[in-house]
Amino acid sequence: MDPIMIQDVLKTLPHRFPFMLVDRVLSVENGEVHAIKNVTFNEPFFPGHFPQEPVMPGVLMIEALAQASFFCMHESLEPGTVGYLAGIESARFKRKVVPGDQLHLHAKLEFARRGLGKTTCRAEVNGELAVEATILFALSKG
């Protein structure tokens, strides 16, 4: 498949600046997604987290994984469907993510039924694990 560029990401996700955390979806296949988030020094959270040593907040890495997770099934959903974060299980943070890193977001759909879904996720920088988690979400018409 061709990558899903930012213009089409914006058509799929309801998020906007400063909470759009998926820059491109590289692949979607059999319920598995590979997307990227380019982490730049211009991110609005870096001036406060932390001024002397900018580090991407873990909660935003989880949010990036949640946004990427939506692409696991977005083609099978009705237009206007929104995924709401419903739970996070087994989150583990393994390395800092800093300006200049490219966060590779991987999500695998475990199930989606009756308006609920679950993905297992991980994010990597240069092939090194940065965070892993299981994400639960609820689907609703936006």
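How many bridges join strand β2 to strand β4, and in which direction do the two strands run? Seven bridges join β2 (residues 32-38) to β4 (residues 102-113), and the pair runs antiparallel. The model described here is predicted. Its chain contains two helices and six strands, arranged from the N terminus in the order α-β-β-α-β-β-β-β. With a radius of gyration of 14 Å, close to the 14 Å that the globule rule gives for 142 residues, the chain is therefore as compact as a globular protein of that length.

**Strand pairing around β4**
- Strand β4 also pairs with β5 (residues 116-125), through nine bridges in an antiparallel arrangement.
- His 106 of β4 is the bridge partner of His 34.
- In β5, the bridge partner of His 106 is Arg 122.
- Two residues lie between the strands in the hairpin of β4 and β5, where Arg 114 adopts a positive phi near 50 degrees.

**Overall dimensions and packing**
- Along the principal axes, the C-alpha atoms occupy a box of roughly 45 × 30 × 25 Å.
- Buried residues make up 40% of the 142 residues of the chain.
- Of the contacts between residues at least 6 apart in sequence, 61% link residues at least 24 apart.

**Surface and charge**

Notes. Residues are numbered from 1 along each chain as its sequence is written. This is a predicted model: local features need pLDDT of at least 70, side-chain atom pairs count only at pLDDT 80 or more; totals for chains, interfaces and linings use all residues. Side-chain values use heavy atoms; hydrogens and water are left out. Helices (H or I, at least four residues) and strands (E, at least two) are DSSP runs, numbered from the N terminus. The radius of gyration is taken over C-alpha atoms; the globule rule is 2.2 Å times the number of residues to the power 0.38. Buried means under 20% relative accessible area, exposed over 50%, partly exposed in between (1.4 Å probe, protein chains only). Contact means heavy atoms within 4.5 Å. Two strands pair if DSSP finds at least two bridges between them.
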